[in-house]
Amino acid sequence: MKQDGFKARLKAGQPQIGSYVTFPSPEVVELFAHAGMDYVIIDLQHSSPDWQTLAHMIRAADAGGTAPLVRVHTRDPDILLKVLEMGAEGINLPCVKDAGEVRAALDAIHYAPLGYRSACGHTRAGRYNSRRSDFPEHVKRQQGRVTLWCAVEDPESLARVGEIAALRPGPDVIGVGRGDLSAALGFHGQVNHPEVIAAAERVIAQVAQLSEGKTSSSTMIERTEDIAPWLARGCRLFTYAADAILLMEAARRAVEKFRGAANGPRR
């Protein structure tokens, strides 16, 4: 496992690109790693790999050199802990509502004195180490590795971004879920509607100011043309579509090209 990967790059302000993985497939994770993705977000909100498959997906990310993050919709601290003990480099928490919810998640994923994570060193995250004398080093590695990435996705949670960004310690990333936000504002599917973009811009500015640069901003993009504009707005994390989206787009393009060629003029 990398000790200075995703979180270290965040702290350095380095732009990173990743993608959602919705298929319960270690091979998809491995493919994205070989493509050079900085991270993958294994989605447990909209898909349902079993625990053993999830463990293999995290292993595939580690082997390929990409950071394994896991999107977990539940706030159950036992589930957050289980995901981290499998070796996940961070938790992606969607639909965050307020600072209290984020504080509880931070408590669950960090060891004391930062939080209340249960102490166990003989897990995959702890390298299956049974020697208690080595546990302090494990804690140090985890505190320097584990991240919390929060998504605000409705007008009510956007109004509380300031209190979330001001937490100490706070989340490592705050991003606007423009898909859900556009729906909440009545612009279903219009993730680039001016009101949605304006809301995201306000969040980016608040995060930069109130976190004193300690929290990064993120966005999801479905076109590479969107990278430069969001970089200029202050984003440093770019989640490029998802495995299903990328596969469907490639398949549609091939079918369209085929239909055009097959039904075109014949000599």
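## Exercise 1: An aromatic pair

F6 has a relative accessible area of 0%, so it is buried (buried means under 20% relative accessible area, exposed over 50%, partly exposed in between, with a 1.4 Å probe and protein chains only). Before going on, note that this is a predicted model, where local features need pLDDT of at least 70, side-chain atom pairs count only at pLDDT 80 or more, and totals for chains, interfaces and linings use all residues. Residues are numbered from 1 along each chain as its sequence is written, and side-chain values use heavy atoms, with hydrogens and water left out.

Task: work out how the rings of F6 and W149 are arranged.

Solution. 
- Start with the rule: rings of Phe, Tyr and Trp (its six-membered ring) pair if their centres lie within 6.5 Å; planes under 30 degrees apart count as stacked, over 60 as edge-to-face and the rest as tilted.
- By that rule there are 4 aromatic pairs.
- For F6 and W149, the centres are 6.3 Å apart and the planes make 10°, which means a stacked pair.
- Helices (H or I, at least four residues) and strands (E, at least two) are DSSP runs, numbered from the N terminus.
- W149 is buried too, at 5% relative accessible area.

## Exercise 2: Another pair of rings

Task: find out which parts of the chain Y111 and F135 tie together.

Solution. 
- The pair is edge-to-face, with 5.5 Å centre to centre and 80° between the planes.
- Y111 is in the loop between α5 and α6, while F135 is in helix α6, so the pair joins parts 24 residues apart in sequence.
- Check the accessibility: Y111 is buried at 3%, whereas F135 is partly exposed at 21%.

## Exercise 3: Around helix α4

Task: describe what surrounds α4 and how α3 packs on it.

Solution. 
- Helix α4 covers residues 77-85, and its buried residues are L80, L81, V83, L84 and E85.
- Those buried residues pack against α3 (51-64), β3 (67-71), β4 (90-93) and α5 (99-109).
- At the start of α4, a side-chain oxygen of D76 comes within 2.9 Å of the backbone nitrogen of D78. After α4 comes G87, with a positive phi near 115°.
- Two packed helices are described by the angle between their axes and the distance between the axes.
- For α3 and α4, the angle is about 45° and the axes are 10 Å apart. (Axes are lines fitted to C-alpha atoms, for helices over the stretch in contact, and angles run from 0 to 180 degrees between N-to-C directions.)
- That makes α3 oblique to α4: angles under 35 degrees count as roughly parallel, over 145 as roughly antiparallel, 65 to 115 as roughly perpendicular and the rest as oblique.
- W51, L54 and I58 of α3 meet I79, K82 and V83 of α4, where contact means heavy atoms within 4.5 Å.

## Exercise 4: T53

Task: is T53 buried or exposed, and what does T53 touch?

Solution. 
- T53 is located in helix α3.
- Its relative accessibility is 18%, so T53 counts as buried.
- Leaving out residues up to four places away in sequence, T53 touches P24 and P26.

How values were computed:
Polar contact = N/O pair within 3.5 Å; in protein donor to acceptor, adjacent residues only side chain to side chain.
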